[in-house]
Amino acid sequence: MAPNQPAAVPKVPIAGVKNLIAVGSGKGGVGKTTVAVNLAVALASLGYKVGLMDADVYGPNVPLMMGINQTPMAHGERIQPLGKHGVKLMSMGFLNPGDKPLVWRGPMLHSVIQQFLRGVDWGELDFLVIDLPPGTGDVQLSLIQTAPITGAIVVTTPSDVSLEDARKAVHMFHQVKVPILGMVENMSYLSCPHCHERIDVFSHGGGRRTAEAMQVHFLAELPLDPQVRIGGDTGNPIALQKGEAEPFLQLARSAVARAEELSKEQGPKIEISD
Ligand SMILES: Nc1ncnc2c1ncn2[C@@H]1O[C@H](COP(=O)(O)OP(=O)(O)OP(=O)(O)O)[C@@H](O)[C@H]1O
Ligand SMILES: [Mg+2]
């Protein structure tokens with residue numbers, strides 16, 4: 001086998017789940033969870049059946065950003081996902097609440113990711129959005145090698161340091177043969193609330209240029225907006241807020257269109273219901 005070509009492991013579909021969308025980035029703190037949460041909520045508000053799996057086992061932020069922290073129940077062997085804002089949810093934050101860190105090695109991570117994928121009663125879903133931890137490590141590999149991911153979204157800011165790491169993430173997905181749904185440029189620009197002048201805090205346009213150079217789709221530019229942060233910190237995702245949701249609804253529509261394209265390329269397994 002050629003170097004860097006991982007063995008073709010059969011990827012068993014998750015019963016009832018039509019599309020898996022993984023949200024990743026090379027760099028931490030660029031807005032993966034923000035994008036994953038708002039994408040999930042926006043897809044749900046467009047009428048799709050949606051789940052959100054928090055695969056950031058060490059730093060689970062989905063409970064805070066979705067405004068829910070309860071303990072999931074189990075029916076028999078199956079964990080029942082929690083539900084909020086029309087989205088089914090599973091996160092390590094529900095099982096290990098508070099500030100106590102998990103100190104685990106790779107095999108434990110692998111087993112929890114498998115539990116979240118296959119031991120949770122996701123039911124019928126059009127989309128299961130997966131929020132990845134930063135980087136290209138154990139969790140990413142565990143998921144990628146076992147789950148039939150429809151496509152990955154790579155989140156970046158327009159700054160060169162973020163783009164450098166985003167390129168690594170794109171290469172990683174290519175290397176393990178996970179299709180790229182597209183790139184998202186988050187914190188793309190700031191509209192000054194006083195004079196409405198546009199300020200490119202982290203530069204602008206690098207996401208689109210990088211996507212073109214790497215021949216992957218470009219999905220959306222999302223503004224740097226204090227309301228996005230407030231929505232995250234208060235558990236009221238901005239995609240739910242009238243007048244503010246449009247960039248995220250646009251992202252959701254682009255993601256659906258790309259998922260349909262990729263599903264056609266991947267074969268007859270997936271059908272998206274209206
Ligand atoms: N477009 C935005 N406008 C304003 N604040 C934002 C935006 N995107 C993200 N943030 C804020 O930036 C911080 C980091 O975002 P987030 O947690 O989504 O990043 P992440 O990539 O998931 O981080 P990690 O790598 O730690 O998982 C959060 O406080 C979030 O509210
Ligand atoms: Mg995160």
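Two strands pair if DSSP finds at least two bridges between them; strands (E, at least two residues) and helices (H or I, at least four) are DSSP runs, numbered from the N terminus. In this predicted model, local features need pLDDT of at least 70, side-chain atom pairs count only at pLDDT 80 or more, and totals for chains, interfaces and linings use all residues. Residues are numbered from 1 along each chain as its sequence is written, and side-chain values use heavy atoms, leaving out hydrogens and water.

Strand β2 (residues 50-54) runs parallel to β6 (residues 87-90), joined by 4 bridges, with Val 50 opposite Val 87. Another 5 bridges join β2 to β7 (residues 125-131), also in parallel; here Gly 51 stands opposite Leu 128.

**Burial of β2**

In β2, 5 of 5 residues are buried (under 20% relative accessible area, 1.4 Å probe, protein chains only). In a regular strand, side chains alternate between the two faces of the sheet. Val 50, Leu 52 and Asp 54 lie on one side of β2, Gly 51 and Met 53 on the other.

**Ligand 1**

Among the 17 residues around ligand 1, the nearest are Gly 29, Lys 32, Thr 33, Thr 34 and Pro 223 (near: a heavy atom within 4 Å). The side chain of Thr 34 places an N or O atom 2.6 Å from a ligand oxygen. Nitrogen atoms of ligand 1 lie 2.9 Å from a polar side-chain atom of Asn 186 and 3.0 Å from a polar backbone atom of Asp 225. Helix α1 gives the most to the shell, with 3 residues.

Note on methods. Chains are lettered from A and ligands numbered from 1 in the order in which they are written. A polar contact is a pair of N or O atoms within 3.5 Å; within protein, one must be able to donate a hydrogen and the other to accept it, and residues adjacent in sequence count only if both atoms are side-chain atoms. Buried means under 20% relative accessible area, exposed over 50%, partly exposed in between (1.4 Å probe, protein chains only).
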